[in-house]
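Try each task before reading its solution.

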Amino acid sequence: MTVNPINLLDVVALTVDLPDYNLWRGQVGTVVETLANGQAFEVEFSDRDGRTFESLGLRPEEIMVLHFEPASPDLKPEMARV
């Protein structure tokens, strides 16, 4: 697993199921706020029309950043610490 910094407005996917919120692994959202000095992130989940249907704080291990272009050669993979 590669550890990448999570930034404001990153597109992320859930890595866990959150049935209490009707959110499931793989659902895509956008980071809209950094919380607790980067220990958590407010992620907004929207439908195809851009309407928000859920917004909640998540820990970094519950999300992964999605990439839309090749990774930088400077990016070094490292094992995630859980």
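**Exercise 1. Find the mean pLDDT of the protein chain, then find which elements have the lowest and highest mean pLDDT.**

Solution. Start with the whole chain. This is a predicted model, and its mean pLDDT is 88. Of the residues, 84% reach 70 or more. Now go to the elements. The lowest mean pLDDT among them is 96, for β5. The highest is 98, for β1. One caution applies to reading any such model: where pLDDT is low, the predicted coordinates should not be read in detail.

**Exercise 2. Decide whether I6 is buried or exposed, and list what it touches.**

Solution. I6 sits in the segment before β1. Next, take its relative accessible area, which is 16%. The cut-off for buried is under 20%, so I6, at 16%, is buried. Then look for its contacts. Leaving out residues up to four places away in sequence, I6 touches V31, F41, P60, I63 and V65. Finally, check V65 along the chain. I6 and V65 are 59 residues apart, yet their C-alpha atoms are separated by 6.7 Å.

**Exercise 3. Identify the residues that touch the most other members of the largest nonpolar core, and trace the elements that supply this core.**

Solution. The core has 13 residues. L14, V43, F45, L58 and I63 touch the most other members. Two or more residues come from each of β1 (11-14), β3 (40-46), β4 (52-58) and β5 (63-65). β3 gives the largest share, 3 residues. Now zoom in on L58. Setting aside residues up to four places away in sequence, L58 touches L14, L18, A40, F41, V43, F45 and I63.

How values were computed:
Residues are numbered from 1 along each chain as its sequence is written. This is a predicted model: local features need pLDDT of at least 70, side-chain atom pairs count only at pLDDT 80 or more; totals for chains, interfaces and linings use all residues. Side-chain values use heavy atoms; hydrogens and water are left out. A nonpolar core is a set of buried Ala, Val, Leu, Ile, Met, Phe, Trp, Tyr and Cys residues joined through side-chain atoms within 4.5 Å. Buried means under 20% relative accessible area, exposed over 50%, partly exposed in between (1.4 Å probe, protein chains only). Helices (H or I, at least four residues) and strands (E, at least two) are DSSP runs, numbered from the N terminus. Contact means heavy atoms within 4.5 Å. pLDDT is the predictor's confidence in each residue, from 0 to 100.
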